[in-house]
Structures are given as C-alpha cells and as structure tokens.
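Subject: Structure handover, with notes on cavities and helix packing

Dear colleague,

Please find below the structure I promised to pass on, followed by my notes on what was found in it.

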Amino acid sequence: MSILVIAEHDNKALNGATLNVVAAAQKIGGDITVLVAGSGAQAVADEAAKVAGVSKVLLADDAAYANQLAENVAKLVASIGAGYSHILAASTTTGKNVLPRAAALLDVSMITDIIAVDGPKTFKRPIYAGNAIATVESGESVVVGTVRGTAFDAVAAEGGSAAVEAATSTGDAGISKFISEEIVKSERPELTAARIVVSGGRGVGSGENYHKVLDPLADKLGAAQGASRAAVDAGFVPNDMQVGQTGKIVAPDLYIAVGISGAIQHLAGMKDSKVIVAINKDEEAPINAVADYWLVGDLNTVVPELVSKI
Amino acid sequence: MKALVAVKRVVDANVKVRVKPDNSGVDLTNVKMSINPFCEIAVEEAVRLKEKGTVSEIVVVSIGPKEAQEQIRSAMALGADRGILVEADDSQLGALEVAKILKGVVDAEQPQLILLGKQAIDDDSNQVGQMLGALLGAGQGTFASEVKVEGDKVQVTREIDGGLQTVELALPAIITTDLRLNEPRYAALPNIMKARKKPLDTKSPADFGVNPATKLKTVKVEAPAERKAGVQVKSVDELVEKLKNEAKVI
C-alpha cells in the first residue's frame, strides 16, 4: 500500500489537520508520502518531513499553487496520485474543494468525511447530518477520500526524518485566478482543534451581547468560540465560527452551548464532543437530549456566575 | 447567457431520519421530500441573475426517480424556464456518475454558468460540482457566498475555513452555493400553476453514454452511537462541581 497525503498549509506552516490525516493513513497501513503544493513552501515541506510516520515528502513549488486554487492543485494531485493506492486529504474547505476534482480527473469515485478505517478499502462515514453512519467499500483502483480530523488522534509533529524531493509542477490551468482573501484574526485557539469550545446561539440576542457574555467565559477557559447557524445568520458573529453540518465539525473535550436550541444541523457539528453542557432558558430544548449537563436559566446571569466560579 | 441549475430530490431538512432495522439504508417510506436546500439557493441565484438581465434562460436538471419531476416543477415555479429529468435509480448513482451525466447535459445545452448546491443533505458528499468542473475542464467557485458576472468572467467569493476568498473564473464556470449566498423566495400560487405548463424533457443515463453504477458499495448503514442521558443541574455551583469532579474537564 502506498498512500499520498495532501498537506494543508498556508505556505508558511503545516496545518494541524494534516497530522490527523496521517493518523488515518497509518490505520490503513503502508508507505506514507506527503505532497506539499505551494509557493515558497520549503518550510512546510521541512516541517512535514519531521512528522512521525511519514516516509517521503514531495514539494511542488510554483506560484500556481500559492492560493491552493483547485484547478491547479487537482491537476498536480491527479498527475502524481495515479501511482498510489490511496490519496487522502483533510475534510477542510481546501480538501473538499480540491480532492473531488482530482478524483474525477483520475476517473475514480471519492469518499467524503472518513471517520473510521475498517480495512484498506472499507471506511465509515456519516450521512444525513450524522444521523446515520454508512460503511462504504471502494471498488476503485485508487481510493480517494477526505478525513474528518476530529475522528482521528493526531500523530506526533516531531520524530520523523523523511527525505524531501521536488515534484514537477503541472503549471497554471489558466481558468481561475486568485483575487483576494479576508481572514478573520483571532487570539483564541483554532475552533476545530480546541480542547474546549464555547458556542452561542440565537438566545444570546445580539453580537454585542455574544461578546459581553461569552468572551469572559472563553478567556477563563482558554476556549475557542463557536456559534450556531442562527447566530451567524443574524449577524452576531462571522460565518467561519459556525458549528454544524454546513459549518465546522468539532469534537472537543468540553462543548458549552449557550442559548442554542439544538437543531439537527447544529448537532451534526458537535455531538461527538466528549462532554456537552447546555445553558438554555427552555426546558424542552432539543440540545438537552444530547447534553451531559444542562442548566435551565437566563444566560445573562448564569454565564457571568459560571465565570466567577471556575 | 444560459444558466444550468442542477437540483436534487432529498428528504426534507426537518425530518429526523431512521435507519432501517436490516441496516440496508435509511427508511424513506412516507417521509416528506423536498428540493435540497443548497440546490434551492442555486435556483434562486440563477433567477436573480435573470432578473438583472445577465442570464436569459434557466434550464433546471434533476437526476433521480420519476418523482423528482416535483422538484423540477418547484424550481420552475421559482423562475426556471424549462426542465430536464434524467430518470435513474438513486441508490445506484454516485457523485462521479451524476457528474458524468451532468457533463452530457452541459455538452448538449452549452450553458455559460452551471450552478449547483455545495452538498446534498442526504449523502453529505460535497463532490458533484468539483467533479463536473474537472470533467468539463472548467473553473470552479465552490461554497459561494457572492457571485458577480462581469463580461466573460465571473468573480466568486468563497467561504473558506479562515474567512473568505475571492476568485475570478473564465466562463463557462461551475458555482456551488453556500447557505449565505441568498435567501430563496417562496413560489406564488400563479407561478406554481404556470410551472405546470413549462416544458420538461425526460432522458436516461444511457442517452449520455453513462453507466450509472457506482463503484462505491454501501456495506451497511447504522444508527450512530447513542449518547447516554445527561442530567439537569439546578445551579451554577452544581455545574462547576460536576465539571471539576465528575467529568474532570476543567
């Protein structure tokens, strides 16, 4: 078995999600090669070479890969990937953008959001917003899939000593161009990797109140902040904070849902958290059914009291 | 320019599905079916582009059972001009096969804009738009929250993990919609009546030379592990005590 893992990065540093994909690759077993497609991304390749379990790093350094445009990166992945038994990437927006395109170029089917490896060609994945788990067997010569990071424990970032080789660029496909990017800056831990997540929903009332009530709690716990779709649609917080089927999937040790009713689409994004706490004024809220501890009360008084007592 | 919108018939987003006792799949008998919410957003975007004068004709296509006609009619009631149903057995189709059939439709119709939802809420694959982009050799603006057509190019603002990214694509291009692209309108009764008279062609995968059988075999479908019932705590003190001493997470 030979597995190609597509590295997730920003040309400067390797994204932690890649370590979870390598973990899934180890469950399949075989030689693991990491492909770094970027521009001026030598540091990323060096970092990938140190990851435990990686036997080789391929670095494709070209301006065409600077912004991970799917049209260019998928072409490269397809040209390199044909010789591998598996091609894996993280189930991030980048992985989901690039990998299906590469799979179609290779004329093979793809498996999205792998949460368990049952065998070299057999995997589990959630369907219907996580309300069912399908076991899928691939009959393709090359198994292509994205891996849900929260389902696999990351491998060590240090300890490996893989060789870095240059890969031939397939160039710019000439059909797409990067224009601009608007990245939300935050001092807090990254949402999908945080140990504790504090999330607010429609119940927090406003963007101002979201920060007034939840910032102190997140600060005290060193937690990342999330939100329900209702809170994002109401404009309380930016959309990259959305947890759910259509947002990010998280599985922290502790998830605190404040003013969130618990719609199916939200539960799909957080119900694998180890401990769930719900603070809601509604005794009948669906979130209480998945919560380990739930407290009925006004979040405007309960949350500040909680901050003062932890 | 002509726009092609692909829509999928799926279980309604508000239905809590149940796994069949024999683990062969999800029980969909007597369950409410609708247009996939992301597809509805794609239809709405095409209609808005038509209202702005950018798009002249909207063709809506669905691949699935005969009943998917209902979803095509719904899209027509929202403003699509004509429909194509490619009748096929849903359970056989994978994303790659759907993309291949859509390529056949695109080759026949020659649209400049091809709009799809970013994912269907039943299989949650998030693949078809990207695969179609590859098969056509066209650019892809996935997870779109803003679309601006300018001459022979389209600028798409995409929702990415850290925030937003804007790309420019040559036409013809693929766009897959995210939830925040627009708010779909409701179909008015007169428009629902008019939609019944709009043309709807029926085709089969064989018309496009596609074998609809996917190489991904679903071995079984299970219900997810149930969480054990939690407890209601009466005070913040009790909550803090439980988190510290029982769950040991803070």
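Which helix of chain A and which strand of chain B each supply at least two residues of the lining of the second largest cavity? They are helix 3 (70–81) of chain A and strand 9 (163–170) of chain B, where helices (H or I, at least four residues) and strands (E, at least two) are DSSP runs numbered from the N terminus.

Before the details, please note that this is a predicted model, in which local features need pLDDT of at least 70 and side-chain atom pairs count only at pLDDT 80 or more, while totals for chains, interfaces and linings use all residues. Residues are numbered from 1 along each chain as its sequence is written, chains are lettered from A and ligands numbered from 1 in the order in which they are written, and side-chain values use heavy atoms, with hydrogens and water left out.

Cavities

A cavity here is a set of points, on a 1 Å grid over the protein atoms alone, where a 1.4 Å probe fits but cannot get out, and its lining residues have an atom within 4 Å of a point. By this rule there are 2 cavities of 30 Å³ or more, a volume being the space filled by probe spheres set on the points, with grid points joined across faces, edges and corners.

The second largest cavity, with a volume of about 50 Å³, is lined by residues of chains A and B, among them Gln68(A), Glu71(A), Asn97(A), Arg158(B) and Val167(B). Strand 9 of chain B gives the most to this lining, with 3 residues. By class, the lining holds 4 nonpolar, 6 polar and 2 charged residues, where Ala, Val, Leu, Ile, Met, Phe, Trp, Tyr, Cys and Pro count as nonpolar, Asp, Glu, Lys and Arg as charged, and the others, Gly among them, as polar.

The largest cavity holds about 70 Å³ of space, and its lining includes Ile6(A), Gln68(A), Val73(A), Ala89(A) and Val98(A). Strand 4 (86–90) and helix 4 (93–105) of chain A each supply at least two residues of that lining, the largest share, 3 residues, coming from helix 4. The lining of the largest cavity divides into 6 nonpolar, 3 polar and 1 charged residues.

Helix packing

Within chain A, helix 3 and helix 4 pack at an angle of about 50° with their axes 8 Å apart, axes being lines fitted to C-alpha atoms over the stretch in contact, and angles running from 0 to 180 degrees between N-to-C directions. Helix 3 of chain A is therefore oblique to helix 4 of chain A, since angles under 35 degrees count as roughly parallel, over 145 as roughly antiparallel, 65 to 115 as roughly perpendicular and the rest as oblique. The residues of this contact (heavy atoms within 4.5 Å) divide into 9 nonpolar, 1 polar and 3 charged.

Between the chains, helix 9 (residues 299–309) of chain A and helix 6 (residues 236–246) of chain B pack at an angle of about 50°, with their axes 10 Å apart, which makes helix 9 of chain A oblique to helix 6 of chain B. This contact has 5 nonpolar, no polar and 4 charged residues, including Leu306(A) and Lys309(A) on one helix and Asp237(B) and Val240(B) on the other.

Backbone

The peptide bond from Leu171(B) to Pro172(B) is cis, with omega near 0°, and Pro172(B) sits in the loop between strand 9 and strand 10 (173–177) of chain B.

With best wishes

Definitions and conventions
1 Å grid on protein atoms, 1.4 Å probe; cavity = no way out; pocket = protein on both sides within 12 Å on 5 of 7 lines; lining within 4 Å.
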